[in-house]
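Could you walk me through a sheet, the helix that packs on it, and a loop residue in this structure? A short tour follows.

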Amino acid sequence: MTAGSVAAVDLGATSGRVVVGHVDQAAGALGLDHVARFPNGPVRLASGLHWNLTGLYRDLTHGLADAFRREPGVTSIGVDSWAVDYALLRGDRVLGEPFHYRDERNEAAVEAVHARVPFEELYRRNGLQFLPFNTVYQLAAERAGGCLGLADSLLLIPDLVGFQLTGEKAAERTNASTTGLLEVRTGEWDRELADRLGLDASVLPRLVSPGASLGGLRPEVAAELGAPAGTRVVAVGSHDTASAVVAVPMRPEAAAYISCGTWGLVGVELERPVTTDAAREANFTNEGGVDGRVRFLHNVMGLWLLSESVRWWERDGSPIDLPGLLAQAAAVTTAVPVFDANDPRFLAPGDLPGRIARWCAEHGVAAPRSRAEFARSIVESLAEAFANAVRTASALSGVGVETIHVVGGGALNTLLCQRTADRSGLPVLAGPVEATAIGNVLIQARSAGFANGDLETLRSLVAHAFTPTRHDPAC
C-alpha cells in the first residue's frame with residue numbers, strides 16, 4: 001500500500017476551503033495542507049435569500065488550481081457541503097441561484113406538506129427530525145411557486161459541484177438522506193412519498209455511496225485546473241457532518257459527538273435507525289452515515305448564535321475581536337440567563353441580541369447587559385443544549401455515553417468545551433478542528449487504495465495523527 005494525496009473541497013455555510021490531504025497509512029501519517037479559504041454567505045435578491053453558487057464555484061476552482069500547482073500528484077477530488085439546499089436544472093442549465101435554507105418561503109410549505117402526509121407518518125418513512133427547511137418543505141414551496149415543473153433534474157450542493165466538474169449527475173446518499181425523500185430503512189428514494197406530495201420523482205438522480213467514482217474531470221475543467229486528464233472526482237460523505245463523523249476518534253458504543261460550527265450536530269453513531277415515537281417527540285433525526293452507519297442526532301442552533309450576534313454588533317463598521325470577546329465572557333462572574341438555543345426565533349438572520357433579550361423578558365429573567373454577558377449567555381445556553389441532547393441521545397439509543405467528542409470550529413472554543421463538560425458531567429475531548437476535511441480525505445484515500453479498513457481503522461489513524469484537548473468536568 002502506497003502513500004498518496006487527494007484534494008478535499010469543504011463548503012460551509014459561512015466559508016469554504018480547499019485542502020490537500022496526505023495519507024500514508026503504513027507509516028501512520030495523516031496530514032493536511034490548507035491551500036485556499038474563501039467566504040460564503042447568503043445574498044438577498046428580489047426573490048428571496050439565495051446562495052451565490054456561481055461565485056462559490058469560481059472560488060473553489062481557483063483553490064483547486066492552487067492545489068494542483070502545489071501538489072501535482074493529487075489523485076482525486078472530493079466535495080462536501082452543508083445539507084438540504086439544492087439547485088434545479090433543465091438539461092445542463094441551472095435554473096437560477098439556489099435558495100438559502102433560511103429563506104422565509106418555507107414557512108407556508110410546512111403546513112402544505114403536513115396536510116398531505118402527517119409528520120408522524122413522515123417520520124416513520126424518512127426518520128428525519130422536523131426542521132422547517134428540510135428539502136421536502138423547500139420543494140413544496142418550489143412547487144407552489146411554479147418553478148419545479150420547469151426542471152428535469154435536482155442536485156444537492158455538492159452533487160451540483162460534482163456535475164460541473166465531471167458532467168455526471170448523481171446524488172450521494174449521506175446528503176440525500178437529509179432531503180426527507182429517502183426511505184430511512186432501505187436508503188432508496190421514496191417515490192411513493194414524492195408522488196403523494198405532488199413532487200415529480202423523475203427529477204431525483206441516481207444514488208451513489210461514499211467512495212464511488214463520479215467520473216473524470218471534464219477535459220476543459222482539467223485544463224483550467226492544471227490537473228491530469230481523467231483525474232477522478234470521488235463521492236465522499238458529502239454532507240459535511242457525515243465526513244466529520246468519519247474523523248471523530250471515538251468508540252461508537254461509548255461516545256457521543258458534537259460537530260460544532262454554524263450548527264451543533266449532537267448525537268451518536270448507530271448501526272440501525274431509531275424511529276420510535278419517543279425519538280420523534282424528542283426531534284431526533286436518522287441521517288445516513290458512511291459505510292451504512294446512522295447518524296442519530298439533534299440539530300442545535302450552534303455557533304450561528306455567536307457569529308450572527310457579532311455580525312449585528314459590527315454593522316456600524318466597528319470590528320469585534322472574537323477571541324477577546326470570549327476571554328471577556330469567560331471572566332464574567334455575574335449570573336447570565338440560559339435561554340432555549342433551539343427556539344425558532346433565532347433561525348433567521350438579524351438582531352439576535354435583541355431576540356435573546358425579548359426571550360428573557362418573556363420568561364421573566366434579566367437579559368444580559370453587556371456584549372461579554374451576551375456572549376457568556378450564548379455559550380452557557382449552547383452548553384446546556386448540548387448536554388441535554390447528549391443525555392437524550394443516550395436514553396433513546398441505548399448507547400452508554402462515557403465521553404463527548406467535539407470536532408469542528410467549536411473545538412477551539414475552550415469556554416464552550418469546558419462548560420459542556422461541566423453541564424454534562426462528562427469529559428469532553430476537543431478536536432480535530434478540521435474533522436470534515438479529514439473525513440473527506442480518508443474516504444478518497446480508501447477509494448484510491450492507499451488506505452483501507454473500516455471506520456474504526458480509519459479513526460485509529462486520526463487518533464494517531466491528532467491529539468485532542470481534554471476538558472474534565474469541574475468538581
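UniProt annotations may be inferred rather than shown by experiment, and their positions are given here in the numbering of this chain. With that in mind, the unreviewed UniProt entry lists residues 52-246 as "domain: Carbohydrate kinase FGGY N-terminal". The model you are looking at is predicted.

Six strands form an open sheet with mixed pairing, in the order β3-β2-β1-β6-β13-β12. At its edges stand β3 and β12; each has a single partner strand, so one side of each has no neighbour in the sheet. From one strand to the next, the twist averages 20°.

Inside this order, β1 and β6 run parallel and are joined by six bridges. Along this pair, V9 stands opposite V79 in β6. Helix α5 packs on the sheet, where α5 touches β1, β6, β12 and β13. The direction of α5 makes about 145° with that of β6.

Here are some of the elements with their residue ranges:

| Element | Residues |
|---|---|
| Strand β1 | residues 4-11 |
| Strand β3 | residues 29-39 |
| Strand β6 | residues 74-81 |
| Helix α5 | residues 157-166 |
| Strand β12 | residues 213-216 |
| Strand β13 | residues 232-234 |

Finally, is A451 buried or exposed? A451 has a relative accessible area of 2%, and because buried means under 20%, A451 counts as buried. A451 lies in the loop between α16 (435-448) and α17 (455-465). In sequence, A451 and V6 are 445 residues apart, while in space their C-alpha atoms are 12 Å apart.

Methods: Residues are numbered from 1 along each chain as its sequence is written. This is a predicted model: local features need pLDDT of at least 70, side-chain atom pairs count only at pLDDT 80 or more; totals for chains, interfaces and linings use all residues. Side-chain values use heavy atoms; hydrogens and water are left out. Helices (H or I, at least four residues) and strands (E, at least two) are DSSP runs, numbered from the N terminus. Buried means under 20% relative accessible area, exposed over 50%, partly exposed in between (1.4 Å probe, protein chains only). Two strands pair if DSSP finds at least two bridges between them. Axes are lines fitted to C-alpha atoms, for helices over the stretch in contact, and angles run from 0 to 180 degrees between N-to-C directions. Contact means heavy atoms within 4.5 Å.
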